[in-house]
Amino acid sequence: MENLFEHKDRRVIPNWRSFCKTTALGELNSFQVNNQFPIVETNINDYVFDWKLNNDIVHAADLLSAAIINNKREEGEVKKAANFILENKHKATLSQVSLACQILNKPIEKNITERFDEITLDNFSTFNNPEPIRIKVREIKKLLLVYPYNPILYTELSRLYSILGQEYHSIKAMKTAIHLAPNNRFVLRSATRLFTHYNNDNNDYLNYIHNLLKKSPLILIDPWLISAEISISTMKNKTSKFIKNGISLIKSQNIHPFHFTELASSLGTVELLFGGARKSRDFFNQSLIQPNDNSLAQIEWASRLDKQLDIDPSNFDVKMNYEALALDNYHNEEYTLALDNAAKWFVDMPFSKRPIMFGSNLASTILKDHKKSISFLEAGLLSHPNDPQLINNIAYSLALENNPDEAFEQLKKIRNENEFDDVTQICITATRGLSFFRSGFEDIGRQLYLEAIERTKQINDQELNWLAILNYTREELLVGSEYITPLMDIVSKIPDKTKDIEINILKEDVVKMHEEYKTK
């Protein structure tokens, strides 16, 4: 049985892209209309000295990075370095040229979304090649030999390690970045995403990043960081003490709407979950004044809980907006478009499990295309090696394609099954049952399915219970067993329209199979 994508839970955790893309999207720009609050800065004289001494593209780009994160774009040497890069752009990378354009307020010559426009489900696998990532890791390590105190390089290294599924190295690199720049917006937002990504019952990462955010002096004035802190607080089922401060910043009229879009979205989420609908809508509407991809995805999620928040994300000129588009396509039953945008969403956030689960579930359950489902799942194994949910879902698709031997080979890769959450254990048990059914061992398959169904009752998970019953009934129909009639009586009690489209479609399939069975 398939582990399904969770539509219920989303928080405004910062998205994590490369420094170049984050800069190009404007998320590191000054957020104040008038510079009334002092910004915590670091001295960039060392970068200026290195640039003057070496007078090359690498040192020029390093100076530009330092200038952007420390709000010192207007310094003369910074402008000179930016012009130097543009004068030698035939030798520079796109990232370096983009930084120079940002400094000089020139349009970026190549659209950052151009590469994503080329992504299709047919060439999806070519965008999931780990070798270019490993090459980038080696390049950054070489740069760190020259710039051992550069927090941006360590943050970039951490992101690359997370894409490769190397948790230890990713965490280590990020902690070094935090040590070097504990009050840097890019570093702290990247760290927020990283530590929530790896948070589980065996570590204290959520409290670790929460304490860092609360201790930063920027938490009093930076709307991007206040948003992150509020989201972490809600994940911990706590009320943030910075909510009033965040509301005051939005009302101050000294924050550009783009820079409070995530803050307003976080506040809207708090009100939606724990407060009132009217206040929630007010905050979400403020987040839409000039949204980014994260705030649009959040309101797309929120619209499932409050229909008055329903929007069309394609009406907003927001770059890298693939998650919101995929979710909107899905809810509008534009499933092929949803799958295309899920592929782009994954390539944009290759360390994230959400686009993988979304795309694979959509492909297997709704579109009945198990090859595409497996393609998504195998892509996800790069950053989530040995993940039991991904492996289980690969086995599920293989078994449904009548390849039970291959399904069993996948299931053998799952270790320490008793340590997983109840839902994952139940799904693995049911997938084993499916594989035995497709191998011709119906008695063993039946026993495993009944065990899975019983466990869904023990944990009081009605949707999972329905899912297990429908999967089991399908297999009994295929073998024409004596248990079909009582099972169909149980199936008839499952609502035709539940909140899970996957369950609705599976019930339709089972009912149709039963009608065809009766005519044989």
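Q: What does leucine 362 touch, leaving out residues up to four places away in sequence?
A: Leucine 362 touches Tyr330, Tyr335, Ala338, Leu339 and Leu367. Contact here means heavy atoms within 4.5 Å.

Q: Where do these values come from?
A: The model is predicted, so local features need pLDDT of at least 70 and side-chain atom pairs count only at pLDDT 80 or more, while totals for chains, interfaces and linings use all residues. Residues are numbered from 1 along each chain as its sequence is written, and side-chain values use heavy atoms, with hydrogens and water left out.

Q: Which residues have the most contacts inside the largest nonpolar core?
A: They are Met1, Met174, Phe195, Phe358 and Leu362, in a core of 120 residues. A nonpolar core is a set of buried Ala, Val, Leu, Ile, Met, Phe, Trp, Tyr and Cys residues joined through side-chain atoms within 4.5 Å. Buried means under 20% relative accessible area, exposed means over 50%, and partly exposed is in between (1.4 Å probe, protein chains only). A second, separate core has 29 residues, including Tyr47, Val48, Ala61 and Ala81.

Q: How many residues of helix 16 are buried?
A: 10 of the 10, so helix 16 (residues 293-302) is largely enclosed by the rest of the structure. Among them are Leu296, Ile299 and Trp301, and also Asp293 and Glu300. Helices (H or I, at least four residues) and strands (E, at least two) are DSSP runs, numbered from the N terminus.

Q: What covers the buried residues of helix 16?
A: The cover includes helix 14, helix 15 (277-287) and helix 17 (322-331).

Q: What happens at the start of helix 16?
A: A side-chain oxygen of asparagine 292 reaches to within 3.2 Å of the backbone nitrogen of asparagine 294. That is a polar contact (a pair of N or O atoms within 3.5 Å; within protein, one must be able to donate a hydrogen and the other to accept it, and residues adjacent in sequence count only if both atoms are side-chain atoms).

Q: Changing topic. How many salt bridges are there?
A: A search of the whole structure finds 27 salt bridges. A salt bridge is a side-chain nitrogen of Lys or Arg within 4 Å of a carboxyl oxygen of Asp or Glu.

Q: Which residue forms a salt bridge with aspartate 443?
A: Arginine 446, with the closest N and O atoms 2.9 Å apart. Both residues lie in helix 24 (residues 442-458), three residues apart, about one turn of the helix. An α-helix has 3.6 residues a turn, so residues three or four places apart point the same way.

Q: Is aspartate 443 buried or exposed?
A: Aspartate 443 counts as exposed at 59% relative accessibility, whereas arginine 446 is buried at 12%.

Q: What about arginine 474?
A: Arginine 474 forms a salt bridge with glutamate 475, the closest N and O atoms being 2.7 Å apart. Arginine 474 is buried at 8% relative accessibility, and glutamate 475 is buried at 2%.

Q: And aspartate 496?
A: Aspartate 496 forms a salt bridge with lysine 507, with the closest N and O atoms 2.7 Å apart. This pair links distant parts of the chain, 11 residues apart: aspartate 496 is in the loop between helix 26 (484-491) and helix 27 (501-518), and lysine 507 is in helix 27. Aspartate 496 is exposed at 55%, but lysine 507 is buried at 7%.

Q: Where does phenylalanine 242 lie?
A: Phenylalanine 242 lies in the loop between helix 12 (223-235) and helix 13 (243-251). With a relative accessible area of 7%, phenylalanine 242 is buried. Leaving aside neighbours within four places in sequence, its contacts are Lys214, Ile219, Leu220, Ile226 and Glu229. The C-alpha atoms of phenylalanine 242 and lysine 214 are separated by 8.9 Å, and the two residues are 28 residues apart along the chain.

Q: What is the phi of asparagine 237?
A: Asparagine 237 has a positive phi of about 60 degrees, although it is not a glycine. Most residues other than glycine have a negative phi. Asparagine 237 is in the loop between helix 12 and helix 13, and is exposed at 66% relative accessibility.

Q: And methionine 320?
A: Methionine 320 also is not a glycine and has a positive phi of about 60 degrees. Methionine 320 is in the loop between helix 16 and helix 17, and is buried, with a relative accessible area of 3%.
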